[in-house]
Amino acid sequence: EPNIRAVAAWLSPSTGIIDSHSYMLSLQGDMESAGGVIAFHSPVLEGQVDNNKLKIKTGGENPMELSSNILVNAAGLGAQEVARSMEGVPVETIPSLYFARGNYFTLIGKCPFNHLIYPVPVAGGLGIHSTVDLGGQVKFGPDVEWLEKIDYTVAASRSIKFYTDIRRYWPDLPDDALQPGYAGIRPKLTGPKDEKHNNDFIIHGPQTHGIEGLINLFGIESPGLTSSLAIAEEVTKSLGLP
């Protein structure tokens with residue numbers, strides 16, 4: 001990597017990217033082939049535990065009530081809200097939630113690297129790193145921007161910090177080479193005033209909240225997508241399933 005300025009670096013030959021949309025479609029296909037059904041646009045309104053049954057009410061165009069022996073709350077940014085809507089879930093088992101927006105900027109021009117480039121991590125994130133999407137577009141990010149409410153707007157003014165941070169490892173980054181891309185929001189379990197921002201995923205089963213068949217997943221941020229199959233295995237273990 002002749003364009004990189006660094007004291008030292010590790011090479012990870014197996015690191016790469018995937019088509020996340022195709023991956024999720026594949027999982028959907030596997031589930032439907034096994035007899036599962038997905039109800040899109042059906043927000044969870046509330047729930048309760050009744051005679052060892054887990055019941056939820058959903059809204060949307062076709063509101064309904066569902067009853068099940070097993071319920072996995074994997075609502076991401078909404079996991080805490082879903083858990084609080086479930087009557088019978090001890091409030092003290094629901095962790096605090098903090099929003100940390102990760103902004104991305106795209107590079108105008110040719111990719112200057114041969115690999116994905118990751119700088120030294122920072123508090124709350126991995127640092128502004130460089131990746132290439134399946135179309136060959138170079139993007140830099142994410143940074144860490146703490147929010148009071150969910151907002152996916154990428155402010156052009158954030159580029160000032162991006163130029164500074166990127167030039168620490170790519171000093172030849174041209175002026176006016178970055179343009180706002182997109183943003184994601186991490187469901188953080190610790191906030192900006194905490195000394196450490198690296199709390200790991202939380203998987204709460206019956207041993208934590210005392211409700212048989214209920215699993216709550218909190219703080220599933222990056223690398224939640226990469227870890228999704230491993231998380232699923234852990235959930236099945238927590239439920240005592242094969």
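A salt bridge here is a side-chain nitrogen of Lys or Arg within 4 Å of a carboxyl oxygen of Asp or Glu. The model is predicted, so local features need pLDDT of at least 70 and side-chain atom pairs pLDDT 80 or more, while totals for chains, interfaces and linings use all residues. Numbering runs from 1 along each chain as its sequence is written, and side-chain values use heavy atoms, without hydrogens or water.

**Stop 1: the network.** Select Arg101, Asp143, Glu145, Asp151 and Arg158. Salt bridges link these residues in a network. Zoom in on aspartate 151 and arginine 101: their closest N and O atoms are 3.8 Å apart. The two are 50 residues apart, with arginine 101 in strand 6 (residues 98-107) and aspartate 151 in the loop between strand 9 (145-147) and helix 3 (159-166). Helices (H or I, at least four residues) and strands (E, at least two) are DSSP runs, numbered from the N terminus. Arginine 101 is buried at 6% relative accessible area; aspartate 151 is partly exposed at 33%. Buried means under 20%, exposed over 50%, partly exposed in between (1.4 Å probe, protein chains only).

**Stop 2: helix 3.** Select aspartate 165 and lysine 161. Their salt bridge spans 2.5 Å, N to O. Both lie in helix 3, four residues apart, about one turn. Aspartate 165 is buried at 13%, whereas lysine 161 is partly exposed at 43%.

**Stop 3: a buried pair.** Select glutamate 221 and lysine 188. Their side chains form a salt bridge (3.1 Å, N to O). Lysine 188 sits in strand 10 (residues 178-188), and glutamate 221 in the loop between strand 12 (214-218) and helix 5 (228-238). Both are buried.
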